[in-house]
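Hello,

Here is the structure I promised to pass on. My notes follow below it.

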Amino acid sequence: MRPVARSKTLSVAIERRPEEVYEYVLNLAHFPEWATSFCRSIRESEDGWWVIETPDGSMQIKFVERNAHGVLDHYARLESGQEVFNPMRVIANGSGSEMLFTLFQLPGMSDAKFSEDAGMVEQDLLTLKSVLERKNEK
């Protein structure tokens, strides 16, 4: 059993209803529009996983089953074969939403790399906010 990992939960308020945020994020075809820190392109594979091309090579991603609770947890399968669990939620925040993402420091990951990854997640959440709020203005 692995020891408890260092973690950081990042969040952003979005002026869109939780159902809208959930549906947008769940559609992985939208991933390159907002996960710009690492996603160059994405395509669906035959086994239910999606293949993402990143600056560091290919990785795969798969969300948990569609649900009514705003749970967008997903697994990332790295080229090494390692699977990483990424908890993600959208919850109501007044007339809008709060998107939450918990990042774990993986075994062997340096503090500097963990901080860099946290910065990338934060930037992607801000991009998601911008994309969705811009869509709301139209």
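Is Arg16 buried or exposed? Arg16 is buried, since its relative accessibility is 12%. The cut-offs: buried is under 20% relative accessible area, exposed is over 50%, and partly exposed is in between, with a 1.4 Å probe and protein chains only.

First, the ground rules. This is a predicted model, in which local features need pLDDT of at least 70 and side-chain atom pairs count only at pLDDT 80 or more, while totals for chains, interfaces and linings use all residues. Residues are numbered from 1 along each chain as its sequence is written, and side-chain values use heavy atoms, with hydrogens and water left out.

**Salt bridges**

A search of the whole structure turns up 10 salt bridges. The criterion is a side-chain nitrogen of Lys or Arg within 4 Å of a carboxyl oxygen of Asp or Glu. Here are some of them.

Arg16 pairs with Glu20, with 2.6 Å between the closest N and O atoms. Glu20 is partly exposed, at 24% relative accessibility.

Arg89 bridges to Asp73, and here the closest N and O atoms are 2.2 Å apart. Arg89 belongs to strand E7 (residues 88–93) and Asp73 to the loop between strand E4 (57–63) and E5, so this pair ties together parts 16 residues apart in sequence. Helices (H or I, at least four residues) and strands (E, at least two) are DSSP runs, numbered from the N terminus. Arg89 is partly exposed at 31%. Asp73 is buried at 8%.

Lys113 and Asp117 form another salt bridge, closest N and O atoms 2.9 Å apart. Both are in helix H3 (residues 111–137), four residues apart, so about one helical turn separates them. Lys113 is partly exposed, with 32% relative accessibility. Asp117 is buried, with a relative accessible area of 14%.

There is also a network: Arg16, Arg17, Glu19 and Glu20 are joined by salt bridges that share partners.

Ser97 is in strand E8 (residues 96–104). Ser97 is buried, at 1% relative accessibility.

A polar atom of its side chain lies 3.0 Å from the backbone oxygen of Leu72. His74 is part of strand E5 (residues 74–77), and is buried at 6% relative accessibility.

**Aromatic rings**

How many aromatic pairs does a search of the whole structure find? The search finds three. Phe31 and Trp34 make an edge-to-face pair, 5.1 Å centre to centre with 80° between the planes. Rings of Phe, Tyr and Trp (its six-membered ring) pair if their centres lie within 6.5 Å; planes under 30 degrees apart count as stacked, over 60 as edge-to-face and the rest as tilted. Phe31 and Trp34 sit three residues apart in helix H2 (residues 31–34), so they are separated by about one helical turn. Phe31 and Trp34 are buried.

Phe31 also pairs with Phe38: centres 5.8 Å apart and planes at 75°, so edge-to-face. Phe31 has a relative accessible area of 4%. Phe38 is partly exposed, at 21%. Phe31, Trp34 and Phe38 form one aromatic cluster.

Phe38 has a C-alpha atom 6.4 Å from that of Pro55, although the two are 17 residues apart along the chain. Pro55 is in the loop between strand E3 (50–54) and E4. Pro55 is exposed, at 53% relative accessibility.

One more ring to look at is Trp49. The charged end of Arg77 sits over it, 3.8 Å from the ring centre. The test is NZ of Lys or CZ of Arg within 6 Å of the ring centre and within 35 degrees of the ring normal.

**Surface patch**

Tyr75, Phe85 and Phe104 form a nonpolar surface patch, with about 250 Å² of accessible area together. Patches take residues with over 30% relative accessible area and no salt bridge; like charges are joined within 9 Å, nonpolar side chains (Val, Leu, Ile, Met, Phe, Trp, Tyr) within 5 Å. Areas come from the Shrake-Rupley method with a 1.4 Å probe; for residues, only the protein chains shown count as cover. Phe85 lies in strand E6 (residues 83–86). Phe85 is partly exposed, at 33%.

Best wishes

Key. A polar contact is a pair of N or O atoms within 3.5 Å; within protein, one must be able to donate a hydrogen and the other to accept it, and residues adjacent in sequence count only if both atoms are side-chain atoms.
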